[in-house]
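I'm jotting down what I look up as I go.

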Amino acid sequence: MALVGLRRNLCHLCDFQIHRALAVLRSQPVSHIHQAVREHLCCWFFALRPTPSRVRSHHPCCNNFHSENRSETQPAGQLVSPRVHDWDRLEQNIKHADEQMFYRRLNDFTSSEEVLSFVSTLETLPDSGAAGALRRIWEVGKKDDAGRLPEEILDNHVFKALCFRLEREAPTLTNTGLVRALQALTLSHVDPQTSLLENLVAECQNRLQKGGLEVHHLCILGESLVKLQGPGCVMLEQIIAQLQGEELEKFSPEDVVAIYRILQACPEKVDQHQAFLSKMNSFTLSVVYSLSPKSISQVLSALVALDQTQALPLVIKLGKYMVRYIPRFTSGELASVLEAFIYFGYSDRFFTSALEQHVAALCLALNPEVVSKITKYCSKKLIFSKPILNAVAESFVCHSEKFSPHQISELIEPFGTLNYLPPNAPALFRKLETMLVTHFNHFPPKTLLKLLHSCSLIERHPVNFMAKLFSPYFLQQLQGKEPYLDRLSLAQLTQLFLTSILECPFYKGPRLLPKYQVKSFLTPCCSLETPMDFQLYKSVMIGLIDLLGARLYFASKVLTPYCYTLDVEIKLDEEGFVLPFTVDEDVRKRVALCIDGPKRFCFNSKNLLGKEAIKQRHLRLLGYEVVQVECSRFFVSESKFLIQTYSIQRTKWSASPVGQDSYTYTYQLC
């Protein structure tokens, strides 16, 4: 093993006894950094001490070290020292020390100065230790999110000495020392054109061509090359080719995660590597229980980037396993996990329960990005969770200034989608209005439109902003460089305009021009209504024909002049008689049957979705008698679904209030 020799800042300890080493240490001028290092070393020095079955006496200034008699005792007031060999293993030659202990000492340091000072006290250092020291210098010394090291570290003489020795002895470095040194320098953003990196890369290429690198080395090298030369690197293709030829059983969990990261860097070549990816997806199922929270997050992010929709079994297993580790995820890791679950359409009640506990416990401490991802996840999966929604509402009220416009939109939209007002709704929407007034121009047009439309779904109408929404200037901004406005934006504008007429009669501002109004809210691609459940409709139709006597007395899928589509419409005259659906004269009352299947409710509750709630609210304001027929109100009897709650008759109509906003309607026999 090649050793990197370093010039000592203190003195050589090769032939010195322990008391003289300590005397020299105490005689040197000690800076605050050296003092911190010495404290670390002393703690470890005494931690290595065995049970005090043998003691030695010395004084820092003594020239004689009494060690010839094992039974010799320590005079009163003297310090007890550990065995000389325990000190020598660290101070004289790390080659003979426990590597785990060495890395543990490195991990104890909290600044790059401490690491450099510690390294400068070592007689010799193995190449793997030098690479580890460089890695730790980067971990504690990086100054920004990009991971760059400050100039004062790069100019440090100890840092330069490490780099110089690695460059000079590159051909004699071990495989581990070589690839780890390249990894550490790459992370530190050292100039790739330097002779140091060029020599290390050339040596790696030489060993790669000879097939001398193992799987673990190939993974480290591959990640380093992605950062250093980009995904188009020729060596990277050679590495992937060699990895494909290896037996998957040789891959450790860390190697598996590293391979996913490498392939994630080359999404444009996913078709070329799909066969290998499929094998990896299957093999990863067997190592899921060995993955850390960070590794789980990275694997899920890679599956999203590589569009591995066929890897749903792996996503499900990762989702079930990670439930117990939710509190251990960092904010960024949890955000990546939620983004992956949204992408793959995965949800699990155990995951939701664990997420509720996590959010409720840390609602005010969570990162805004995580808060917005959590609410986006609930919105996309239609998960109605009061603990989560209440917690994020409280978080926004307390820390609204930390949220970006996009995050505010992702946080507020689920309240409209899921049709829920939190207990602190007045404070929540006051904060929101303040943010909109202050930062209105910072919101992208489409984001702003979605946000205000969501507010209208739960009867928090953006009256103060409607004039701006309907203005030609905003509509031009909304269209941008596109030749026309998208269908969803037009539908949202139309529904807001309808809301201003029906629910905000005091609004006297500009109106939405007819050319921006849609004819129907029910469209295949971007609908503001949920299509009718066909199986449930057939059941209701059979019951209606059985009770009304003929199909003639009701119509289905009726498009109203107000853009809404009625599931079933029944017409009544002044005396309450049912009229054929083809008759338009003498119609006194119209009954709208809303056949609400499971897709019109939140996933895990009987809470009606926001877009269905506003539809029924508007239909009532337009004069319709709304009858909500839920799927849970039917049962099977002799191969026929019958209406359990509603008894419809052909002759007389009566309405009896059941609650503040709901009615049960029945036809009664004469």
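What share of the 670 residues of the protein counts as buried? I get 50%, where buried means under 20% relative accessible area, exposed means over 50%, and partly exposed is in between (1.4 Å probe, protein chains only).

Ground rules before I go on. This is a predicted model, in which local features need pLDDT of at least 70 and side-chain atom pairs count only at pLDDT 80 or more, while totals for chains, interfaces and linings use all residues. Residues are numbered from 1 along each chain as its sequence is written, and side-chain values use heavy atoms, with hydrogens and water left out.

**Overall make-up.** I find 28 helices and 11 strands in the protein. Helices (H or I, at least four residues) and strands (E, at least two) are DSSP runs, numbered from the N terminus. I also looked at contacts, meaning heavy atoms within 4.5 Å. Among those between residues at least 6 apart in sequence, 69% join residues at least 24 apart.

**Helix α18.** I looked up residues 349-362, which form a helix of 14 residues. From first C-alpha to last, α18 reaches 20 Å, close to the 20 Å expected at 1.5 Å a residue; the expected span is 1.5 Å times one less than the number of residues.

Which residues of α18 are buried? They are Phe351, Thr352, Ala354, Leu355, His358 and Val359. They sit on the same side of α18 because they cover an arc of only 165° around the axis, the arc being that of the directions from the helix axis to the C-beta atoms.

The buried residues of α18 pack against α17 (331-344), α19 (368-380) and α20 (386-399). At the start of α18, a side-chain oxygen of Asp348 comes to within 2.9 Å of the backbone nitrogen of Phe350.

**Lys373.** Is Lys373 buried or exposed? Lys373 is buried, at a relative accessible area of 11%. Leaving aside neighbours within four places in sequence, I count Ala335, Leu338, Glu339, Ile342 and Glu410 as its contacts.

**α13 and α14.** I find helix α13 (residues 253-264) packing with helix α14 (residues 274-284) at an angle of about 150°, their axes 11 Å apart. Axes are lines fitted to C-alpha atoms, for helices over the stretch in contact, and angles run from 0 to 180 degrees between N-to-C directions. From α13 the contact uses Val256, Ile259, Tyr260 and Leu263; from α14, the residues include Phe276, Leu277 and Met280.

Gln495 is in helix α26 (residues 487-502) and is buried, with a relative accessible area of 1%. Not counting residues up to four places away in sequence, Gln495 touches His453, Leu457, Phe521, Leu528, Tyr564, Ile614 and His618.

Leu621 lies in helix α28 (residues 610-621) and is partly exposed at 46% relative accessible area.

Last one: Cys525 lies in the loop between α26 and α27 (534-548) and is exposed, with a relative accessible area of 68%. Cys525 and Leu488 are 37 residues apart in sequence and 8.6 Å apart in space, C-alpha to C-alpha.

Notes: Polar contact = N/O pair within 3.5 Å; in protein donor to acceptor, adjacent residues only side chain to side chain.
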